[in-house]
Amino acid sequence: MLKIYNTATRKIENFKPLGEVVKIYTCGPTVYNYAHIGNLTAYIYWDLLVRTLKLNHYKVKRVLNLTDVGHLVSDADEGEDKLEKGAEREGRTVWEVAETYIKKFKEDYKALELTEPEVWARATDYIEEDEKAVNLMTNNGFTYETSDGIYFDTAKFEHYADFARLDLGGLQAGARVGFSNEKRNVSDFAVWKFIHEGEKHAMRWDYLGRPGYPGWHLECSTIIHKELGEPIDIHTGGIDHIPIHHTNEIAETYAAYGHDLSRYWMHCNFIMIDGEKVSKSLGNVYTLADLSKRGFSAIDYKMWVLSGHYQGTRNFTFESLEAAKTRRLGWRNRIAECYQGIEASSETIKDFDFSEMMEAVNNNLNSAEAFAMIDNTRLKLDDWKKIDELFGLKLVADAPNLNDEVNEKMLAREKARAEKDFETADKIRDELIQKGVTINDTPNGPVWQYI
Ligand code: AMP
Ligand code: ZN
């Protein structure tokens, strides 16, 4: 039985799907720049969620959105639009910027061996649905117009504060003087923004007789409505989404369609880097390409992420990434031992039991405990294959069976050594190194390992 922490109730709950297919929505990236390793953690954790559900025999339909419009630098409908900012930085159109970073994101996604969502949803493909939703919210009495756009009147949704346990009175009192003299409540937010004469905003659609673009939160509500139908089973995101983005998605869905948005909500925590926040000024905004330059693969990073918990406060350091890589390479060589029929000899080591591993991940995705089980048990090749199915680590794919080839060379090397033909023996050793393999001479004879 899968148990997950539900942000909506602040409790660990037994997971029960609403229907035959588990409907999941994952808030995706804003595609205005490369994803940094902090951004990528979410997709690694939710990949584990999907794989765990599938191994529990559930059918899954997941939608992941790509925000290619209307996400302002601040969550509070202020500041520049991230896409426009990206276009300015690169001297290209917003469409080119979105195209480039969608491609990059998908490359990272693939390198991390993440399960493809059933639907990749681009925000700009849902503008018609956005307009229909604004009409519905307006007809249902939830919006008002300002000179800046159509705003959601959060006072009209009586449960607005519930999800994030917001202190609306405190928020109102703490609002900056003149935060926007047209907004009725400090928590009100734009569902549609107008573009004024002379304003630079390349992405624009005509609606209500003037150019504009949707407010950021709206895309998630309308994509879910169109692709999945609410309520969905699980909605995922980062903890920063709780007080504004997800709170507003819930409000919009209720106001437009009269429904609850999701049965369960899961949020992952932020990672720190060397004890600091990820920030440009600290120069610690690492991408997968940066890690690769330092000799770490995407899967090494995935190993690091899964060695902790999605709700934990994690501190990334290159030493801890090195430890994750060493662990992966150690596991890889244990697969080589499987090919060679070498078993961990100690009587005290237990045989691996996949059902125990499933128990660990079914316990709110405790991959750290599952990893410790791998370290401390005796595994067969089939066990490693199951581990790959659960975590997507490519362990078996990265560990080709070179046994026949290596054995032949090892025998030739032994023969050369017996004949004191050290030149040939060294040549064979070099050939094996070329193949990524070394030979260790043990009391039980030579054993090959990946380098
Ligand atoms: P940004 O591009 O910085 O707005 O980040 C997009 C999303 O990535 C945020 O809404 C977070 O959910 C997630 N994110 C950003 N920084 C981190 C971090 N350090 N650790 C985990 N997730 C992060
Ligand atoms: Zn969202």
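Modeller: Gladly, and bear in mind that this is a predicted model. Let's start with the largest pocket: 50 residues line it, and Tyr32, His36, Asn39, Lys82 and Phe270 are the ones nearest its centre.

Biologist: What volume does the largest pocket have?

Modeller: About 1,500 Å³.

Biologist: Which helix gives the most to the lining of the largest pocket?

Modeller: That is α1, with six residues. At least two residues each come from α1 (37-55), α2 (82-90), α3 (94-111), β11 (232-238) and β13 (271-273).

Biologist: Now the metal. Which residues coordinate the zinc ion (ligand 2)?

Modeller: Cys27 (SG), Cys220 (SG), His245 (NE2) and Glu249 (OE) do, at 2.0 to 2.4 Å. A donor has to be within 2.8 Å of the metal, so these atoms qualify. Along the chain, the donors are spaced as C-x192-C-x24-H-x3-E. Among them, Cys220 in helix α6 (residues 218-227) and Glu249 in helix α7 (residues 242-257) are 29 residues apart, a pair that links distant parts of the chain. Both Cys220 and Glu249 are buried.

Biologist: Why is the arrangement around the zinc ion (ligand 2) called irregular?

Modeller: The four donor atoms subtend angles of 77 to 130°.

Definitions and conventions
Residues numbered from 1 in each chain as written. Chains lettered and ligands numbered in written order. Predicted model: local features only at pLDDT ≥ 70, side-chain atom pairs only at ≥ 80, totals over all residues. Heavy atoms only, no water. Donors = N, O, S within 2.8 Å, 3.2 Å for Na, K, Ca; no water. Tetrahedral: all angles 85-135°; square planar, octahedral: opposite > 155°, others 65-115°. Helix = DSSP H or I, 4+ residues; strand = E, 2+ residues; numbered from the N terminus. Buried < 20%, exposed > 50% of the residue type's maximum accessible area, 1.4 Å probe, protein only. 1 Å grid on protein atoms, 1.4 Å probe; cavity = no way out; pocket = protein on both sides within 12 Å on 5 of 7 lines; lining within 4 Å. Points joined across faces, edges and corners; volume = space filled by probe spheres on them.
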